[in-house]
Amino acid sequence: MGTIKQGILGGFSGKVGTVIGSSWKGIAYMRGRAQSIKNPKTEAQQKQRSFFREVQDLIGQFSKEQLAFLFPSTPKGMTRHNMLFQQLAATAVEVDGTKSADLSMLDTIGNAPTADLPAVSLAADGDNLAIAWEAETDFRTEHADEFPTVFVANVTQKKVFLVNSSVALGDYGEVGFNAPLSNFGEATDTFSGFMLLTGAKAALVGFGTMAVTERPPRKNA
């Protein structure tokens, strides 16, 4: 607030442009009018904020134990949360002006070594979600007695899950198991997923201290 000296300028009261004049005890003052500060909400900013919230919601669906399962180790200066954010953010697509995560593009998660694991098929079958695999690989033969964990994504509803298999990998032919469909979505939803290995020789219940030991190769590998 500035003091207005008498003389050629004189004093004034009321509003002049962005300045308000007033006096107190015979002393004239002027001050700037209060300006409203608007939070920029350009289309690009709103799009990015919406996408950020979506990815954060996906990460929030994993427990701390599951994040530790996916990322047994983290580089200095990085958190499991940030590492997963980067992986999920890499699936970004833009359709009709909306930026969103396309979970069907995700083919690996976590930071374990890569391996030649069979592709996983997921399909609604009555009241069940049928999870199966059949491709024959050398790696599968070598690890036939291990019980995998399957990453399941409900692409339609933007939900993610880690499902422990009730059957071993097997060395050949189609192998699979069923899980209650109601736990994952509806029959009309689209599902996507892939396999992770933990080295477990018995069906897992929960995750405990188990960690991912193998994962499918990245697309660009």
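Which exposed residues does the face of helix 1 turned away from its buried side carry? They are Arg53 and Gly60.

**View 1. The protein chain as a whole.**
The predicted model shows a protein chain with 4 helices and 12 strands. The chain has 221 residues, and 38% of them count as buried. Among the contacts in the chain with a separation of 6 or more, 61% are accounted for by residues 24 or more positions apart. The accessible surface comes to about 12,800 Å². Carbon and sulfur atoms hold 52% of that surface.

Helix 1 takes in residues 43-60. Its 18 residues should span 26 Å at 1.5 Å a residue, and the C-alpha atoms at its ends are 26 Å apart, which agrees. Buried in this helix are Phe51, Glu54, Val55, Leu58 and Ile59. Seen down the helix axis, these buried residues fall within an arc of 140 degrees, so they line one face of helix 1. An α-helix has 3.6 residues a turn, so residues three or four places apart point the same way. Arg53 and Gly60 are exposed on the face turned away from the buried side.

**View 2. What covers the buried side of helix 1.**
The cover over the buried residues of helix 1 includes helix 3 (80-89) and strand 5 (92-95). Strand 6 (98-101) and strand 10 (159-164) are also among the elements that cover these residues.

**View 3. The hairpin of strand 5 and strand 6.**
Strand 5 and strand 6 pair in the antiparallel sense, with 4 bridges between them. In this pairing, Glu94 stands opposite Lys99 in strand 6. The two strands form a hairpin, with 2 residues between them. Asp96 is in the loop between strand 5 and strand 6. Its phi is near 50 degrees, a positive value in a residue other than glycine. Is Asp96 buried or exposed? Asp96 is exposed, because its relative accessible area is 78% and the cut-off for exposed is over 50%.

Strand 7 pairs with strand 8 (residues 128-133) over 5 bridges, in the antiparallel sense. Ala123 has Ala130 of strand 8 opposite. In a regular strand the side chains alternate between the two faces of the sheet.

Another open sheet of 3 strands runs in the order 10-9-12, with antiparallel pairing. Its edge strands are strand 10 and strand 12 (191-197), each of which pairs on one side only. Neighbouring strands of this sheet are turned against each other by 20 degrees on average, direction ignored. Strand 9 and strand 12 are joined by 7 bridges in the antiparallel sense. The bridge partner of Ala153 in strand 12 is Ser192. Lys158 lies in the loop between strand 9 (148-154) and strand 10. The phi of Lys158 is near 60 degrees, a positive value in a residue other than glycine.

Terms used: Residues are numbered from 1 along each chain as its sequence is written. This is a predicted model: local features need pLDDT of at least 70, side-chain atom pairs count only at pLDDT 80 or more; totals for chains, interfaces and linings use all residues. Side-chain values use heavy atoms; hydrogens and water are left out. Two strands pair if DSSP finds at least two bridges between them. The expected span of a helix is 1.5 Å times one less than its number of residues. Buried means under 20% relative accessible area, exposed over 50%, partly exposed in between (1.4 Å probe, protein chains only). The arc is that of the directions from the helix axis to the C-beta atoms. Contact means heavy atoms within 4.5 Å. Accessible areas come from the Shrake-Rupley method with a 1.4 Å probe; for residues, only the protein chains shown count as cover. Axes are lines fitted to C-alpha atoms, for helices over the stretch in contact, and angles run from 0 to 180 degrees between N-to-C directions.
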